[in-house]
Amino acid sequence: MSESPSPWRRVRSSVGTYRARPLPRWWPLPACALLGTVIGGVYGLVRPPEYSATSYVVVTPTGKSDPATALGFAQAYGRVATQVAVIGDAQAWAGVPADTIRRNVQTATSPDAPMIAITGSSRRPAEAADIANAVARALTLNGRHTQDSTGVRLVQFSRAARPVDPSSAPASLTALVGGCAGGLTGGLTLLVRRRPGRKEQAAPVPAPAGELMAARPGGGAQ
């Protein structure tokens with residue numbers, strides 16, 4: 001009478017069978033997607049939040065110019081708002097170095113309205129508003145010096161308020177972006193990866209003509 005295998009042997013045999021199973025071919029796709037999600041989420045949590053504040057400057061025509069001229073000068077002043085002359089005056093009012101203002105200020109203009117949007121960014125909400133207001137003040141001051149020659153006047157239309165919510169992406173969004181990037185990487189890995197177990201077969205080499213004639217019945221020399 002044969003003895004039944006012990007429970008320990010059954011566990012060992014099942015573990016051995018499980019270990020012998022190869023991983024599926026598509027395993028890089030979920031692995032890379034999960035890794036990208038984790039990295040993106042950690043980056044969103046570790047990175048300090050960034051705040052943005054925007055001040056608006058409007059260009060108005062004087063008695064010597066028309067609205068079309070004011071619109072053209074708004075485009076021009078929007079380009080020079082981040083130049084050395086304007087930023088050099090703004091650093092005294094913002095209380096930060098000129099290099100910091102140059103890295104953290106952006107301007108935007110509209111093709112339909114003679115208005116300039118000046119956005120300051122910083123990790124501190126108060127500093128972001130100070131940068132935007134300082135550049136807007138310096139720009140209006142420079143425009144006042146050239147008012148007689150340009151025929152337009154620059155007025156600060158709206159001051160930048162201290163932001164309450166950060167403008168940087170939250171951790172959920174960075175995790176989503178990281179997961180998409182990881183999934184794309186895993187998909188590309190599957191495309192370039194070779195299938196295991198597939199071997200190239202060499203093409204058969206034809207035998208010499210003499211051997212073929214000898215192999216035929218009655219193919220010998222007569």
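These legends walk through several close-up views of one predicted model.

**View 1. The whole chain, from end to end.**
Let's start with the overall layout. The chain holds nine helices and four strands. Read from the N terminus, its elements follow the order α-α-β-α-α-α-β-β-α-α-β-α-α. Of its 222 residues, 27% are counted as buried. The accessible surface of the chain is about 15500 Å², and carbon and sulfur atoms hold 59% of that area. Now look at which parts of the sequence meet: among contacts with a separation of 6 or more, 79% are between residues 24 or more positions apart.

**View 2. The largest nonpolar core.**
Which residues have the most contacts inside the largest nonpolar core? They are Val59, Ile101, Ile116, Ile118, Val135 and Leu139, in a core of 24 residues. Several elements supply at least two residues each to this core, including strand S1 (51–61), helix H3 (67–80), helix H4 (84–94) and helix H5 (98–103). Strand S3 (115–122), helix H6 (125–145) and strand S4 (152–158) also each supply at least two. Helix H6 gives the most, with six residues.

Leaving aside residues up to four places away in sequence, Val135 touches Ala81, Val86, Ala90, Ile101, Val105 and Ile118.

**View 3. The hairpin of strands S2 and S3.**
How many residues lie between S2 and S3 in their hairpin? There are five residues between these two strands. Strand S2 (residues 105–109) pairs with S3 in the antiparallel sense, over five bridges.

**View 4. A nonpolar patch on the surface.**
Nonpolar residues can be found on the outside of this model too: Leu34, Val38, Val42, Leu45 and Val46 form a surface patch. Together these five residues have about 520 Å² of accessible area. Val46 sits in helix H2 (residues 28–46). Is Val46 buried or exposed? Val46 is exposed, because its relative accessible area is 64% and the cut-off for exposed is over 50%.

Note on methods:
Residues are numbered from 1 along each chain as its sequence is written. This is a predicted model: local features need pLDDT of at least 70, side-chain atom pairs count only at pLDDT 80 or more; totals for chains, interfaces and linings use all residues. Side-chain values use heavy atoms; hydrogens and water are left out. A nonpolar core is a set of buried Ala, Val, Leu, Ile, Met, Phe, Trp, Tyr and Cys residues joined through side-chain atoms within 4.5 Å. Buried means under 20% relative accessible area, exposed over 50%, partly exposed in between (1.4 Å probe, protein chains only). Contact means heavy atoms within 4.5 Å. Patches are made of residues with over 30% relative accessible area and no salt bridge: like charges are joined within 9 Å, nonpolar side chains (Val, Leu, Ile, Met, Phe, Trp, Tyr) within 5 Å. Accessible areas come from the Shrake-Rupley method with a 1.4 Å probe; for residues, only the protein chains shown count as cover. A salt bridge is a side-chain nitrogen of Lys or Arg within 4 Å of a carboxyl oxygen of Asp or Glu. Two strands pair if DSSP finds at least two bridges between them.
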